[in-house]
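Work through these exercises with the structure open. Each task is followed by a stepwise solution.

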Amino acid sequence: MNARVYLAETSHEGLTATLFILVVLVTVGITFWASRQNQSAADYYAGGRSFTGPQNGLAVAGDYMSAASFLGISGAIALSGYDGFLYSIGFLVAWLVALLLIAELLRNSGRYTMADQLAYRMRQTPVRTAAAISTVVVSIFYLLAQMVGAGVLVTLLLGVTDESAKNLVIAAVGLLMVFYVTVGGMKGTTWVQIVKAVLLMAGTILITFLVLLHFNFNISDMLGAAVDKTGKPNFLDPGLKYGVSTTSKIDFLSLGIALVLGTAGLPHILIRFYTVPTSKTARGSVLWAIGLIGAFYLMTLVLGFGAAALLDTTSADSQVLASTGNLASPLLAEEVGGGAGSLGGAVLLAVIAAVAFATILAVVAGLTLTSASSVAHDLYANVIKKGTASEKEEVNVARVAAFVIGLVAILLAIPAKSLNIAFLVALAFAVAASANLPSLIYNLFWKRFNTRGAVWSIYGGLISSVGLVFFSPIVSGKGLDPTGKNLSLFPEGVDFSWFPLENPGIVSIPIGFLLGYLGTVTSKDTESQARFNELEVRALTGAGSEKVIRQ
Amino acid sequence: MAEPATRHDIYEELHESADFRDLRKRYRSFAIPWTITFFVWYMLYVVCSNWATGFMSTDIVGNINVALVFGLLQFVSTFVIAWLYSRHANRELDPIAARLDAAYEKEVGR
């Protein structure tokens, strides 16, 4: 990404590479082990629905604590101070939507995919097609952000600067994720996620402890040191990043709404609730996830301010700045381990780098599985084959779909690697909140809601959120930053932007809800009401819901 | 009984039962007000971060300001609401849901 970024020339690369290989070996081993238990479609898609609440809670937290959270939020705090913290709050509070309104009801009324719940009382072909398209779009956005991040991170941490080596890393990550998903299915992917979540929590606890130790557990001192070191008197106040103009304030409001409403519409999070035997264990998984994610974000606060207090985040030579914050945590680990060139520093840097690598592998696998499941179960089995495909055929199609999605992701990620695509994660949340959440809520709580309402809501939310970003400064017309780096996706000089905000949620989420309402009331279709009572009983009591698969 | 009831009929029957109405009321009377509460509380935080920066920047103890405490309170409220819901569901919802589920299984198995 930037030739100025390089790490200390000490021997951490050898150790880092060894730990990377260890991560790959362990996860491949788990996948082979899990593959021996994969027989039915419920095994492949939902891990046999046999995970416990704490296990699935770890896996949910693992899916959620992506590299964007782990490296991105601490990096955002290190560079923008308090404004970076705002992300963690939205990301955490969002879990209450999942807990109170979605997780248990979805577990009781669906089978394998997000669309199952809508298809319960709607016409299969239109709603499944719409939901599958939305699922694949959200997952691909998220996937691309992770894969490009992987390319950047791995090459930085291993000290590789060659372009073809970066491409090789992206391709290797892509092939690994296809392997996990095709061979391990949901069971393998979930165990990879659990292992990763444990590693991530352990690594974060260790670094947080060392940072706090450095400041004798005095948080106020650490914050003061961050202000002094950065030389930014407003570092602890809101507004450093988003407070510059009214547009940026509204942009932040828009981001805040999308974060809190997006989580419960992310398909790769939703299908995790099918991996447990009952709605009570689904609730347990969310409670565990809230505890883990909350603790994790509290620690990233220490990591972010600690990095600002201990590392160079402002000068022209700053590696943290050059990596737009992504290297804040790994470099902080090196610093608290004894500094660059010391053995302790090299070991901690290598450990945190390996944790970040495991995080990326596990998250991309979860996303690929989600898209492949939706293509196979919604599009192939129900739309194309109208429910006549055998379980075996369906699972085989899911495997082929995983392979194709992996290939597409590699081919898109390679040219995208030189672009600034960090916005894709926030966009995935906005699409999830605009296209998926309205129809999920309406379907569960509004009897009259029908097929046209669902289809309008999904396509309307999807097209408006993606469309508004296309016409925003993210894509064109933002110009160059002081160092001459282009801030938009399109080359400088091309400008077709007219939507001023970078986060579309404040407009696209109301559009999703409004179109769901309008589509419903303008249609005479009452067919969907016939099974509403049935859905309601099933969702709230679990009567007739999918049961655990015993072997 | 001559004809065995279809699954759909059993669901309809359960839907009309006093137990189910009670369950739905208990669920909604918790989930909906608390959803509104945390959403408003969170939006208040976002709006203050944007438009009440003077208030948010006030120091309370040492370098710890209102903004940091307000942010940490969002964590506390999330944990508390999650815990309250879990307690409510265990005590008030699960026993009724289990009864209705058992009634369903009995009817289907007949």
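This is a predicted model: local features need pLDDT of at least 70, side-chain atom pairs count only at pLDDT 80 or more; totals for chains, interfaces and linings use all residues.

**Exercise 1. Classify Ala76(A) as buried or exposed, and list what it touches.**

Solution. 
- Step 1: Ala76(A) sits in helix H4 of chain A, residues 67-80.
- Step 2: A residue is buried if 20 or more other C-beta atoms lie within 10 Å of its own. Ala76(A) has 25 C-beta neighbours inside 10 Å, so it counts as buried.
- Step 3: Leaving out residues up to four places away in sequence, Ala76(A) touches Gly84(A), Tyr87(A) and Gly325(A).
- Step 4: Gln117(A) is 41 residues from Ala76(A) along the chain, and their C-alpha atoms are separated by 37 Å.

**Exercise 2. Compare the span of H17(A) with the expected one. Then classify Pro415(A) as buried or exposed.**

Solution. 
- Step 1: H17(A) runs over residues 391-416 and has 26 residues.
- Step 2: From first C-alpha to last, H17(A) reaches 36 Å, close to the 38 Å expected at 1.5 Å a residue.
- Step 3: Buried residues of H17(A) include Glu394(A), Ile405(A) and Gly406(A). The buried residues pack against H2 (41-46), H8, H9 (163-214) and H16 (343-384) of chain A.
- Step 4: Pro415(A) also belongs to H17 of chain A. The exposed class needs 12 or fewer neighbours. Pro415(A) has 10 C-beta neighbours inside 10 Å, so it counts as exposed.
- Step 5: Pro415(A) and Ile194(A) lie 221 residues apart in sequence and 32 Å apart in space, C-alpha to C-alpha.

**Exercise 3. Describe how H18(A) packs with H8(A), then with H11(A).**

Solution. 
- Step 1: H8(A), residues 124-157, meets H18(A), residues 423-445, at an angle of about 165 degrees, with axes 8 Å apart. Angles over 145 degrees count as roughly antiparallel. H8(A) and H18(A) are therefore roughly antiparallel.
- Step 2: The contact includes Phe141(A) and Tyr142(A) of H8(A), with Val431(A) and Asn436(A) among the residues of H18(A). Its residues divide into 13 nonpolar, two polar and no charged.
- Step 3: H11(A) packs with H18(A) at about 65 degrees, again with axes 8 Å apart. The crossing is left-handed.
- Step 4: Leu255(A) and Gly262(A) are among the contact residues of H11(A), and Phe429(A) and Leu437(A) are among those of H18(A). This contact has 10 nonpolar, one polar and no charged residues.

**Exercise 4. Which helix gives the most to the side of chain A that touches chain B?**

Solution. 
- Step 1: The contact takes 41 residues from chain A and 44 residues from chain B.
- Step 2: Elements giving two or more residues to the chain A side include H5 (82-93), H13 (279-310) and H21 (532-541).
- Step 3: H21(A) gives the most, with seven residues.
- Step 4: The chain A side has 24 nonpolar, 10 polar and seven charged residues.

Definitions and conventions. Residues are numbered from 1 along each chain as its sequence is written. Chains are lettered from A and ligands numbered from 1 in the order in which they are written. Axes are lines fitted to C-alpha atoms, for helices over the stretch in contact, and angles run from 0 to 180 degrees between N-to-C directions. Helices (H or I, at least four residues) and strands (E, at least two) are DSSP runs, numbered from the N terminus. Angles under 35 degrees count as roughly parallel, over 145 as roughly antiparallel, 65 to 115 as roughly perpendicular and the rest as oblique. Two residues are in contact if their C-beta atoms, placed from the backbone, lie within 7 Å. Ala, Val, Leu, Ile, Met, Phe, Trp, Tyr, Cys and Pro count as nonpolar, Asp, Glu, Lys and Arg as charged, and the others, Gly among them, as polar. The expected span of a helix is 1.5 Å times one less than its number of residues. A crossing is left-handed if the near helix is turned anticlockwise from the far one by less than a right angle, and right-handed if clockwise.
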